[in-house]
Amino acid sequence: GVVVPGVIDAEHGTVGAENLEWVGTPVLAELQAAVRATGSDDVPIVLAHDVRAGGYAELRHGALAGTTNSMFLPLGTGIAAAMVVDGSLVSGDGYAGELGHSKFIYGDAAELCACGQWGCLETVASAAALARRYTARTGRTVDGAREVMELLAAGDEDAAAVWQVALTALIDALVLYTTLVAPTRIAIGGGLIGAGETLLQPLREGVHARITFQREPEIVAAVLGDEAGCLGAARMAWDRADEEEKNV
Ligand SMILES: [Zn+2]
C-alpha cells in the first residue's frame with residue numbers, strides 16, 4: 001500500500017499533485033518497476049490518496065469508527081477531505097474531496113493558490129498558510145503554524161488576525177459540507193489539530209450558530225495522528241488482498 005497526495009488516475013496509475021509539481025506522473029508503473037527489480041514480480045500494489053487512506057484508517061480504527069456519514073479533514077501543508085457518504089469512502093475516480101480547493105475568500109483578500117484558482121480554503125486555513133500569512137503580514141519569519149499558535153496564545157494581534165480568517169473560512173467549509181452530505185461526525189487532523197480545543201471549540205460554536213435546518217455534526221479531533229495515511233495504506237492493501245483471496 002502506497003499513498004500520495006493529489007489527483008490519482010486509478011485506471012492509469014498516474015498522479016497529478018500541484019504541491020509536488022507532478023503532472024501525469026506514472027507513479028504506479030514506477031513502483032511496479034521497483035518491485036520487479038527486486039525479483040518479486042507478482043506483488044500487487046495498492047496506490048491510494050493520502051487523505052482518503054487516512055480517512056479509511058480513521059473510519060476503520062479511529063475517530064470515525066461506527067459512522068456511515070462523516071468526514072476526515074486534515075489541515076496540514078494542504079487541505080483535502082476524506083468523505084464517507086452512506087457508508088462508502090467517496091473517491092470520484094480520484095478527483096473527489098478537494099474541499100481545500102474551494103473558494104471561500106473573495107475580492108482583494110483572495111490569494112492565488114498553487115492549484116491556479118484564487119481564494120481557495122487552503123490559501124488561508126492550512127498549517128502552511130498560517131505561517132506564510134503571518135510572515136507576509138509582519139515580515140517576521142516563524143517556525144511553522146506551531147509558532148503562530150504560540151503567538152496567538154500570547155495575545156499577538158497579527159496572529160489573531162490570520163487565525164480569525166482561517167476559522168471563518170473553515171466554518172464556511174464545514175457548513176457547506178454539512179449542508180451537502182449531512183455528516184454525523186467530522187474529525188479534524190493534520191498539523192493544525194495540535195491547537196486542540198483552541199481550534200475545535202470555535203469551529204463547533206461557528207457551525208452551531210450558522211446552521212438552521214441541517215443535522216449538526218460532532219466536531220472532534222482525529223486520533224491516528226501523522227500515521228493515519230500509512231495505517232490506511234496498509235489497511236487498504238490488506239483488505240484488497242483479503243478480497244482477492246475470497247475471489248480466487
Ligand atoms: Zn486551490
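The following legends describe close-up views of a predicted model.

**View 1. Packing of helices H6 and H7.** Two packed helices are described by the angle between their axes and the distance between the axes. Helix H6, residues 157–181, packs against helix H7, residues 197–210, at an angle of about 50°, and their axes lie 9 Å apart. H6 and H7 are therefore oblique to each other. The crossing in which H6 passes H7 is right-handed.

**View 2. Residues in the contact of H6 with H7.** From H6, the contact is made by Trp163, Leu167, Leu170, Ile171, Asp172, Leu174 and Val175. H7 contributes Thr198, Leu199, Pro202, Leu203, Gly206, Val207 and Arg210. Sorted by class, the contact of H6 with H7 has 10 nonpolar, two polar and two charged residues.

**View 3. The two faces of strand E3.** The side chains alternate along E3, which spans residues 14–17. Val15 and Ala17 point to one face and are buried.

**View 4. The hairpin of E2 and E3.** Strand E2, residues 7–9, pairs with E3 in the antiparallel sense over three bridges. Asp9 has Thr14 in E3 as its bridge partner. Four residues lie between the strands of this hairpin, in which Gly13 takes a positive phi near 70°.

**View 5. The hairpin of E3 and E4.** E3 is joined by two bridges to strand E4, residues 22–25, and the two strands run antiparallel. The bridge partner of Val15 in E4 is Thr25. This hairpin has four residues between the strands, and Glu21 takes a positive phi near 55°.

How values were computed. Residues are numbered from 1 along each chain as its sequence is written. This is a predicted model: local features need pLDDT of at least 70, side-chain atom pairs count only at pLDDT 80 or more; totals for chains, interfaces and linings use all residues. Side-chain values use heavy atoms; hydrogens and water are left out. Axes are lines fitted to C-alpha atoms, for helices over the stretch in contact, and angles run from 0 to 180 degrees between N-to-C directions. Angles under 35 degrees count as roughly parallel, over 145 as roughly antiparallel, 65 to 115 as roughly perpendicular and the rest as oblique. A crossing is left-handed if the near helix is turned anticlockwise from the far one by less than a right angle, and right-handed if clockwise. Contact means heavy atoms within 4.5 Å. Ala, Val, Leu, Ile, Met, Phe, Trp, Tyr, Cys and Pro count as nonpolar, Asp, Glu, Lys and Arg as charged, and the others, Gly among them, as polar. Buried means under 20% relative accessible area, exposed over 50%, partly exposed in between (1.4 Å probe, protein chains only). Two strands pair if DSSP finds at least two bridges between them.
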